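Here are my notes on the model, for reading beside the structure. Please go through them point by point.

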Amino acid sequence: RFSLPVSTDAFERTGVVIHHHALMGPRSDMDDIARAVGKLVEHIDEVRKLHPNQKLDIKVSVPAEIWIQADYTRIPRVFLNILSNAVEAVGTTAVTLWVSARELDSGCIEVRVGNDGSYISPENLDKLFDLFFTSGKTGGTGLGLAIVKKIVTQHGGTVHCTSEKNAEYPAGRVEFVFTLQK
């Protein structure tokens, strides 16, 4: 008779993997009623709950007239995953985040979610949405951004990330840009 040492962290990671696996499943039917991007952004309060010891300055610039047709049970996960990753990557107690949206000439809605204070190298930008890729934080599973990409593409959109570090942003700046169908 023997036992294997299993840390609480390992168990929690398993729970996260199972939970995230369920989110990666087949896309459910789109909601018949269009949901406002501005309404979806209200889920950023979840980020505050997940990081209670951090002072989060979240700037939201989303015109009220912007609407999308979306599975409103999945789209908030996109915001939650990107914003939570940003808070963890910055690693300080004060974090500046932003969410903005605008309608493009193509009729799509472009959403930008970003932060000041972190940087992603060009070689990591290429791997960012790969399943199980993680870098720059402890405890990550490498599923969050893969889920973001899956959800956005299931909605007919695209997602990419930019990052810069220069005199204007000495600690770095990261911005995720994704499109959603109107």
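1. Helix H6 (residues 144-154) is mostly covered, with eight of its 11 residues buried. Buried means under 20% relative accessible area, exposed over 50%, partly exposed in between (1.4 Å probe, protein chains only). The buried residues are Gly 144, Leu 145, Ala 146, Ile 147, Val 148, Ile 151, Val 152 and Gln 154. After H6 comes Gly 156, with a positive phi near 80°.

2. A word on the source. This is a predicted model: local features need pLDDT of at least 70, side-chain atom pairs count only at pLDDT 80 or more, and totals for chains, interfaces and linings use all residues. Residues are numbered from 1 along each chain as its sequence is written, and side-chain values use heavy atoms, with hydrogens and water left out.

3. Which helix does H6 pair with here? The axes of H4 and H6 come within 9 Å and cross at roughly 150°. Axes are lines fitted to C-alpha atoms, for helices over the stretch in contact; angles run from 0 to 180 degrees between N-to-C directions. H4 is therefore roughly antiparallel to H6 (over 145 degrees; under 35 is roughly parallel, 65 to 115 roughly perpendicular, the rest oblique).

4. Look at the residues in that contact (heavy atoms within 4.5 Å). H4 supplies Ile 75, Arg 77, Val 78, Asn 81, Ile 82 and Asn 85. H6 supplies Gly 144, Leu 145, Ile 147, Val 148, Ile 151 and Val 152. By class, the contact has eight nonpolar, three polar and one charged residues. Ala, Val, Leu, Ile, Met, Phe, Trp, Tyr, Cys and Pro count as nonpolar, Asp, Glu, Lys and Arg as charged, and the others, Gly among them, as polar.

5. Now the sheet. Five strands form an open sheet in the order S2-S4-S5-S7-S6, with mixed pairing. Strands pair if DSSP finds at least two bridges between them. S2 (55-61) and S6 (159-164) are at the edges with a single partner strand each, so one side of each has no neighbour in the sheet. Neighbouring strands are turned by 15° against each other on average, direction ignored.

6. S4 (residues 94-103) and S5 (residues 109-116) run antiparallel, joined by eight bridges. Ala 101 stands opposite Val 111 in S5. Helix H4 (residues 75-90) packs on the sheet and touches S2, S4, S5 and S7 (173-180).

7. Overall, the protein has six helices and seven strands. These are DSSP runs (helices H or I, at least four residues; strands E, at least two), numbered from the N terminus. Of its 182 residues, 43% count as buried.
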